[in-house]
Amino acid sequence: ASPRKHIRSFLQEMAAALTAPSGPVALAPAFRLTHTAVNSFKGSADNDPSYIMGLASPAAAAAAVAVAGSERELKLYDRATLQCTRTVAAPAHADRVNEISFAPPRSAAAGLLFSASSDGAVRAWDCGGGGGGGAAPSLELRGGREEVWSVSVSDGPLVAAGTQAALLLWDVRRADTPAARLEVHTEAVSAVRFQPGSATALVSGSVDGLICSIDCRQTNDDDAVTGVINEGRPVSSLGFFGPEPASHLHVLSSLETLSVWDLQQQAGTCLARHDALRREVDMLGEEEAAAGAGDGIDYLVGCQYCPASQRLYLVAGEHCGTLHLLAVEKEGVVALASLRGGGGGAARGHTSDVRCFLWDGGGLLSGGEDARLCSWSPDTDAAAGSDATPLASTSRKSAKPPAARAGGAPARGGSGAPRRANPY
């Protein structure tokens, strides 16, 4: 078969992965705020707020969700009520917690919550039973003093971490020293992800703009790298999506761009690139726009794939706290719903940037720099709204990558935008 036919089959598979199994695309209904909690460090929501750095759940339908706060604490919340059920550790690390992730059910470390920190450590925590915040970690993984930006756990014994200078791999059965140190990037490794269902297939993204496919059975740089994608922009997050074995990748950059890739070829195939999502479309109604309620998309929060609907969702936000739920379709990015919390006091929604979210196909949980944890559910009483606005997927020449901060971590792109923790 010709290369053109191969590429055409990849595009057809991509279209199947991005659309519902059958019938027209259904627009999501309006969302309503069901619960709000303020994450606090010492128990006083008013005096000691701890803004939310990350969220993690062991499964889409799990009753508990883990929260990492800016005061370096790890907590468990009841997903239905947003009541804090346990403080896992406070503090969990000596420096900022950059990412948290549960080990998958088939992992050798199943059930453990992993945290990556700027103190140079990856720690694993047993979230079962009681605890008052002083529990010792079940595992501590170290490979030096380099800041750790990202952590991922395989469906086997391996744990991967992206650090300021290298990609580190550990075998949890022999966790005293790293099993491998791979220096496959020239700048900070900002994101690592194991392929779902795999014990050894990994991708890493870096501030250097490269994405590497890694065979973790190899321990030297040349043999371990099986493919390289030149994204061309500093990578802030990435993830696999599609039916298992997931072979597509969504990539967000620090310049607030989204790209979608097919990894079935060694060099990778770019299936879609969305470089102009920020402020491309006014997401507000006429009355809200006239009142100056906001002006569209300021930043991208992240992507998550929903296996039930076989759709890739994108969450974007405004600095005022408004969130926008979008779907990444083969025709482009489509706006589904805007999430705005009314009311006053602790009952209102977000008031500043949202850093993280979890989506289970029926509801969305978001955490932000205002220390608020918000639960959103579809409002079945509201009209679904047939005027969802398609966002243009035009390509344009990207801006110059942001200058590196001290230590090599990049500043967040965008003039006047508030800075997030490194490496975003």
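1. A search of the whole structure returns one cavity of 30 Å³ or more. The model is predicted, and local features need pLDDT of at least 70, side-chain atom pairs count only at pLDDT 80 or more, and totals for chains, interfaces and linings use all residues. Residues are numbered from 1 along each chain as its sequence is written, and side-chain values use heavy atoms, with hydrogens and water left out.

2. The lining of the largest cavity consists of Gly120, Gly143, Gly144, Arg145, Glu146, Val148, Thr163 and Leu168, lining residues being those with an atom within 4 Å of a point. By class this lining has two nonpolar, four polar and two charged residues; Gly is counted here as polar.

3. The chain contains three helices and 29 strands, taken as DSSP runs (H or I, at least four residues, for helices; E, at least two, for strands) numbered from the N terminus. Of its 424 residues, 53% count as buried, meaning under 20% relative accessible area with a 1.4 Å probe and protein chains only.

4. Strand β22 (residues 299–306) is mostly covered, with seven of its eight residues buried. Seven bridges connect β22 to the antiparallel strand β23 (residues 311–317), and strands pair if DSSP finds at least two bridges between them. Cysteine 306 has arginine 311 of β23 as its bridge partner. Four residues lie between the strands of this hairpin, in which glutamine 310 adopts a positive phi near 55 degrees.

5. Most residues other than glycine have a negative phi, and most peptide bonds are trans. Against that background, glutamate 256 has a positive phi of about 60 degrees; it lies in the loop between β19 and β20 (258–262) and, at 6% relative accessibility, counts as buried. Alanine 371, in the loop between β27 (364–368) and β28 (372–378), has a positive phi of about 70 degrees and is buried, with a relative accessible area of 1%.

6. Two cis peptide bonds also deserve a look: alanine 90 to proline 91, with omega near 0 degrees, and glutamate 244 to proline 245, with omega about 0 degrees. Proline 91 is in the loop between β5 (84–89) and β6 (97–102), whereas proline 245 is in the loop between β18 (235–241) and β19 (248–253).

Methods: On a 1 Å grid over the protein atoms alone, a cavity is a set of points where a 1.4 Å probe fits but cannot get out, and a pocket is an open set with protein on both sides within 12 Å along at least five of seven lines; lining residues have an atom within 4 Å of a point. Grid points are joined across faces, edges and corners, and a volume is the space filled by probe spheres set on the points. Buried means under 20% relative accessible area, exposed over 50%, partly exposed in between (1.4 Å probe, protein chains only).
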